[in-house]
Number of protein chains: 2
Amino acid sequence: MKIGVFDSGVGGITVLKELQKRFPAADFIYLGDTAHVPYGTKSPAQIKRLSLRCARILKSKTIDLLVVACNTASSWALPVLETLLKPIPVVGMVKPGIEAALAAFSRPSLKDSPHSAILVLATRATVMSRAYAEDLHALLSPIPVLQQACPLLVAMIEEGWIDHPILRLTIREYVQPYVDQYPSGVAVLGCTHYPWIHREIEKAMPGWVVVDSSWAVGEMLARESFMRDVTASAKISDVPGSTEWIFTDEDAVPTFAKRWIDGRGDQAS
Amino acid sequence: MKIGVFDSGVGGITVLKELQKRFPAADFIYLGDTAHVPYGTKSPAQIKRLSLRCARILKSKTIDLLVVACNTASSWALPVLETLLKPIPVVGMVKPGIEAALAAFSRPSLKDSPHSAILVLATRATVMSRAYAEDLHALLSPIPVLQQACPLLVAMIEEGWIDHPILRLTIREYVQPYVDQYPSGVAVLGCTHYPWIHREIEKAMPGWVVVDSSWAVGEMLARESFMRDVTASAKISDVPGSTEWIFTDEDAVPTFAKRWIDGRGDQAS
């Protein structure tokens, strides 16, 4: 089984890592659209165009499943990608992200507190789509569901500022008003870049549970019938699957991600 | 005379403003490639591809002159743009930027100080090209010519953080080592986005002269023979020229720039 994983840049690598752990026998092909990162500041029309372009490349590589490891693309382009790839299944990040948020929120300390909230941290485009907010609101009302666009975080992560004092200040700038207002809650990382700085976000939000959808997408996939073969074959084979890398702009791959790619991938093309 | 002005985003508006002041009778057409901003983190091959795409759009609008109001594109794509547009003249930002730096450095207080330097602040791609550094070094040796890539500044400016404490910290992060080492010098803003934050950079560099090439490109153009007609006609006519706006992604135009566009342009298309 060959799984295509696509993101605007290196954010989707956080999802790839989880999937490799869970489905070690599967072959992966990762496509980072580094020629067009970031997606989160672009318009829906442009996000759809770029996502289709990437999906066409992966389709030509005869993948059996597409994981849209980019929340911005998942929020705006999922239906159009499904149409393009039919009958190949397409899995996005929003549904698993919502599942992760629900699971975290079911803790008694949160559920029963009158001062808890859900906060979706995402790109501007994902926030605009209200993809997370609407479903979470429908599922959890009357718990307040809030959204905060954090557009500079992707730029800083792609720049390699993943452990930088200015990154920490920028995170605080984005989350402090919510932390001040609610002593506890669940923050959903609605962007696959953010798990690179999960710990930093956690540190800025004492009392809050911070969840990301990388783990949840693996959970969700494991339940899908089309994944049974690869799950079963992993049990009988110790041969690890391969990983192929495609970046639409090779020279724009951040150094910190390159180190990871060289360490794990079979082929850094 | 119709002058095409092209930039990756809204940075080139700082150049457009200068040209409108100097050549009020000329018609302008501004193209901001907001669908692909930022250029400065991309590879030379990608920068050339994107620049050619924009130049083709402007060529189809029958311009008489192209101003590449983007240092990243000027550093890497000027020859290929000249080939595409021939015989339409193409003017980039690097030469006027170097002229501005030389003019500033000719002040006796700087020229005669043994502790002065030239610092080029630019995107990563412009720094990599050494377009400024090599010529400045050839012209000014043995004065030290230094370069600092400031990749997050374009992201912050496009985000509208032009008057934000985190912007000020980020500027300091980039320039402080040079200010500590040299009590005086000339800092060249080698990116047309940076004039939006000229004052903030100046405040972070006490003792230094900060110059940008927006003014210098007008100076340089005024000396060109093909500009004589428009300069002459401005003297006899009070009819101001028109300004047309094209953005490859309308929805990605920052609010602070929109206010300026609506205020000055004849047509915000």
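Author: A residue counts as buried when its relative accessible area is under 20%, as exposed when it is over 50%, and as partly exposed in between. The model shown here is predicted. A:Thr62 has a relative accessible area of 57% and is therefore exposed.

Reader: Which residues does the cis peptide bond of chain B join?

Author: That bond links B:Lys86 and B:Pro87, with omega about 10°. B:Pro87 is in the loop between helix 3 (71-85) and strand 4 of chain B. In chain A, the peptide bond from A:Ser141 to A:Pro142 is cis, with omega near 10°. A:Pro142 lies in the loop between helix 7 (131-140) and strand 6 of chain A.

Reader: Turning to strands, which residues of strand 5 of chain A point one way, and which the other?

Author: In a regular strand the side chains alternate between the two faces of the sheet. From strand 5 of chain A, A:Ser116, A:Ile118, A:Val120 and A:Ala122 point one way, whereas A:Ala117, A:Leu119 and A:Leu121 point the other way. Seven of the seven residues of this strand (residues 116-122) are buried.

Reader: How many bridges join strand 5 of chain A to strand 7 of chain A?

Author: Strands of a sheet pair through backbone hydrogen bonds, either parallel or antiparallel. Strand 5 of chain A runs parallel to strand 7 (residues 184-190) of chain A, with seven bridges between them; A:Val120 stands opposite A:Val188 there. Five bridges, also in the parallel sense, connect strand 5 of chain A with strand 6 (residues 145-149) of chain A, where A:Leu119 has A:Leu146 as its bridge partner.

Reader: What is the strand order of the open sheet in chain B, and which strands stand at its edges?

Author: The five strands follow the order 4-3-1-2-9, with parallel pairing. Strand 4 (90-91) and strand 9 (243-247) of chain B each have a single partner strand, so one side of each is left without a neighbour in the sheet. Within the sheet, strand 1 (residues 2-7) of chain B is joined to strand 3 (residues 65-68) of chain B by four bridges, and B:Ile3 stands opposite B:Leu65. Helix 2 (residues 44-59) of chain B packs on the sheet, its direction making about 155° with that of strand 1 of chain B.

Reader: How do helix 1 and helix 11 of chain A cross, and at what angle?

Author: Their axes come within 8 Å and cross at roughly 40°, and the two helices are therefore oblique to each other. The crossing of helix 1 and helix 11 of chain A is right-handed. Residues making the contact include A:Val15 and A:Leu19 of helix 1 and A:Trp215 and A:Leu221 of helix 11 of chain A. By class, this contact has six nonpolar, three polar and three charged residues.

Note on methods:
Residues numbered from 1 in each chain as written. Chains lettered and ligands numbered in written order. Predicted model: local features only at pLDDT ≥ 70, side-chain atom pairs only at ≥ 80, totals over all residues. Heavy atoms only, no water. Axes fitted to C-alpha atoms, helices over the stretch in contact; angles between N-to-C directions. Parallel < 35°, antiparallel > 145°, perpendicular 65-115°, else oblique. Left-handed = near helix turned anticlockwise from the far one by under 90°. Contact = heavy atoms within 4.5 Å. Nonpolar A, V, L, I, M, F, W, Y, C, P; charged D, E, K, R; others polar. Buried < 20%, exposed > 50% of the residue type's maximum accessible area, 1.4 Å probe, protein only. Pairing = 2+ DSSP bridges.
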